[in-house]
Every structure is written in structure tokens, then in C-alpha cells.
Amino acid sequence: MYTDVDYESREIKKLKELVRDVAAKDCIRLAKHCYYKTQEYLQTKSQQKETATTIAFTVCKKAQVKQLFNNVDFWWYYIAKLEAGEYEISKFVVDYQREYLSKGLKFKNEYKSDNDRE
């Protein structure tokens with residue numbers, strides 16, 4: 001919620017003139033709900049320990065992740081991991097980058113990607 005300036009009329013618009021009482025009360029109710037639900041979550045969630053994989057994923061550069069997500073071979077790797085019952089995306093990204101991308105290898109060699117065609 002804020003105060004605004006109407007540049008055409010050169011008037012300062014007060015919050016009461018901009019927002020109906022009902023809308024303001026709804027905003028306050030929503031903020032309280034978010035606050036209490038966040039507190040509840042923080043108190044009840046099990047503390048997850050950071051692993052080397054989650055730390056490595058966290059420090060990945062945006063360009064590296066983008067390159068990975070634009071790589072068809074990564075998605076074949078991703079699907080294979082899901083089919084094997086694994087679901088940790090951070091581990092997929094770090095492991096694929098370490099085992100395949102950094103070594104110039106492919107997970108699935110049965111196809112040629114658009115980048116490999118001449």
C-alpha cells in the first residue's frame with residue numbers, strides 16, 4: 001500500500017483515496033496468513049542438510065544452467081534418472097555437468113543433435 005502523486009493535477013493521493021477499505025483489509029489478512037504459514041513451515045519442516053551437490057548447484061552460473069537446459073542430451077539423462085526413481089534436479093544438473101558436459105561426452109549417443117550436423 002502506498003501514497004501516490006497525480007502529476008496532472010499536482011495532488012498527492014492518500015491511500016484512503018486509492019484503495020477501498022475492503023481491499024486494504026484483504027491485503028492485511030493475506031499478509032498475516034502468509035506470515036503465520038511461513039512461521040508454521042519453518043517450525044515444522046525437517047532441517048535439510050546441505051550436501052556437496054546442493055552447494056555445487058547453488059553456485060552454478062546462470063549461463064551454465066541455461067546451456068544445460070538447452071541441451072537435448074541432458075533431457076535424455078533427466079528422463080532416465082526419473083525412470084530410475086531419482087527426483088533431485090540439483091543432483092541431475094551437477095552430475096550431468098561433471099560426468100558428460102565437462103568431458104565433451106554424451107549420455108545418449110544414438111542420435112545426432114542439431115549442433116552436431118554439418
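Okay, let's start inside. The largest nonpolar core has 7 residues in all: Leu68, Phe74, Tyr77, Phe92, Val93, Tyr96 and Tyr100. Two helices, α5 (72–83) and α6 (89–99), each supply at least two residues of this core. And which helix gives the most to it? That would be α6, with 3 residues.

Before I go on, please keep in mind that this is a predicted model.

Leaving out residues up to four places away in sequence, Tyr96 touches Leu68, Asn71, Asp73, Phe74, Tyr77, Leu101, Leu105 and Phe107. If you have the structure open, click on Tyr96 and go through those partners, including Asn71 and Asp73.

Now, another residue of helix α6 is Ser90. Is Ser90 buried or exposed? Ser90 counts as buried, because its relative accessibility is 9% and the cut-off for buried is under 20%. As for what Ser90 touches, again not counting residues up to four places away in sequence, we get Thr53, Thr54 and Phe57.

Let's zoom out. The protein chain has 6 helices and 2 strands, and along the sequence the strands and helices run β-β-α-α-α-α-α-α. Of the 118 residues in the chain, 14% are buried. The chain exposes about 10,300 Å², and carbon and sulfur atoms supply 53% of that. On contacts, take the ones between residues at least 6 apart in sequence: 43% of those join residues at least 24 apart.

Over to the strands. Between β1 (4–6) and β2 (11–13) there is a loop, and Arg10 lies in it. Arg10 has a phi near 60°, a positive value in a residue other than glycine. Why do we call Arg10 exposed? Because its relative accessible area is 77%, and exposed means over 50%.

Last stop, cysteines, for anyone thinking about disulfides. How many disulfides does a search of the whole structure find? The count is 0. Cys27 has 39% relative accessibility, so Cys27 counts as partly exposed. Cys34, at 40%, counts as partly exposed too. Both values fall between the 20% and 50% cut-offs.

Definitions and conventions: Residues are numbered from 1 along each chain as its sequence is written. This is a predicted model: local features need pLDDT of at least 70, side-chain atom pairs count only at pLDDT 80 or more; totals for chains, interfaces and linings use all residues. Side-chain values use heavy atoms; hydrogens and water are left out. Helices (H or I, at least four residues) and strands (E, at least two) are DSSP runs, numbered from the N terminus. Buried means under 20% relative accessible area, exposed over 50%, partly exposed in between (1.4 Å probe, protein chains only). Contact means heavy atoms within 4.5 Å. Accessible areas come from the Shrake-Rupley method with a 1.4 Å probe; for residues, only the protein chains shown count as cover. A disulfide is a pair of cysteine sulfur atoms within 2.5 Å. A nonpolar core is a set of buried Ala, Val, Leu, Ile, Met, Phe, Trp, Tyr and Cys residues joined through side-chain atoms within 4.5 Å.
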